[in-house]
Amino acid sequence: MLVDPVPWPNGARCAVSINFDMDTDAFLHPMHPDKAHTMQALISWLRYDEIAIPRIVKHFDGYGIKQSFFVPAWCIERYPKAVAPIVESGHEIAAHGYLHENPMDQTRESELYWLQRAAGVIEEFTGRRPTGWRGPWAGFTIHSADLLAQEGYLYDTTLMADSQPYLVTTGSGDFVELPIDITLDDWPHYAHVPDLAYLIPPKAPSQALQVFKEEFDARWKHGGFFTTTWHPFVSGRLARLEAVGRLIEYMQETGDVWFATMHEIATHVRACIDDGSWTPRTVRMPYYSEPVAELANEHVNAGKTGTTWTT
Ligand SMILES: [Zn+2]
């Protein structure tokens, strides 16, 4: 079903990069600037990251795989001891905003400011400039692609327009897109957080694992790419992390799987493009820079009396 799958190294059928986003309480502060600091119980739930991250790193190391963590730079400054094992074990730290500020709430100028500030903190902590970006809140503005290209990013992993890597082109250059899939996010499966108005009945880890396995099977069958948007305070808990381990074992037993960091995958994809061994689908961004012209038609919304739905 994939028209032209990426030729993965050593004839692998599927590239796998299990990603964790270490948000901790970063997002809470811009979300509730007046009261976030008073929400002690919720913060304690989020600060599970402090014990979950070393545990996850140990888990990955036990399976002999290097994976990727997307970390708001403020979390590195606030929780350096939790982040250190990621770097010490050779996993990738990539950019995920500074205070998990939503790009959709920024001007172009402020979006660039946070992008550069976050990159500076990561470079200072890891000794390496981040090459990848995942927009906080999956936010991606009409300026984001241009700014990422301008700042020299190798890859983005916020968009969702394919089941395999593709190339995003902009006025300032291009980058590899490693698309995510909400099905492979852990919030829809587990998040029951009354303080944040998430009231999803949590699945048993074995049920979520079944979803992840079937997603992997299809990607393996068609020569695709598997990545996750998991969170240490959600999926790093005991039973759920055991399920993650069972998933890794299942993938390793299946065979012909290339476990790699997002940086390694994007580097490989870029090399295939450059040497002509693979031609990517290209997507020009932004999709729109202004409202579509058809909205000027007087019949559009002519009978609308008010908002009928919300998201
Ligand atoms: Zn996040």
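Helix 3 (residues 49-63) and helix 11 (residues 238-254) pack at an angle of about 20°, their axes lying 11 Å apart; the two helices are therefore roughly parallel to each other, a label for angles under 35 degrees. Axes are lines fitted to C-alpha atoms, for helices over the stretch in contact, and angles run from 0 to 180 degrees between N-to-C directions. Helices (H or I, at least four residues) and strands (E, at least two) are DSSP runs, numbered from the N terminus.

This is a predicted model, in which local features need pLDDT of at least 70, side-chain atom pairs count only at pLDDT 80 or more, and totals for chains, interfaces and linings use all residues. Residue numbers start from 1 along each chain as its sequence is written.

Strand pairing is considered next. Two strands pair if DSSP finds at least two bridges between them.

An open sheet of three strands has the order 11-1-12, with parallel pairing. Strand 11 (225-227) and strand 12 (257-259) stand at the edges, each with a single partner strand, so one side of each lacks a neighbour in the sheet. From one strand to the next, the twist averages 20°.

In strand 4 (residues 92-95), both faces are covered: Glu92 and Ala94 on one side, and Ile93 and Ala95 on the other, are all buried (20 or more other C-beta atoms within 10 Å of the residue's own, with C-beta atoms placed from the backbone).

Notes
Buried ≥ 20, exposed ≤ 12 C-beta atoms within 10 Å, placed from the backbone. Parallel < 35°, antiparallel > 145°, perpendicular 65-115°, else oblique.
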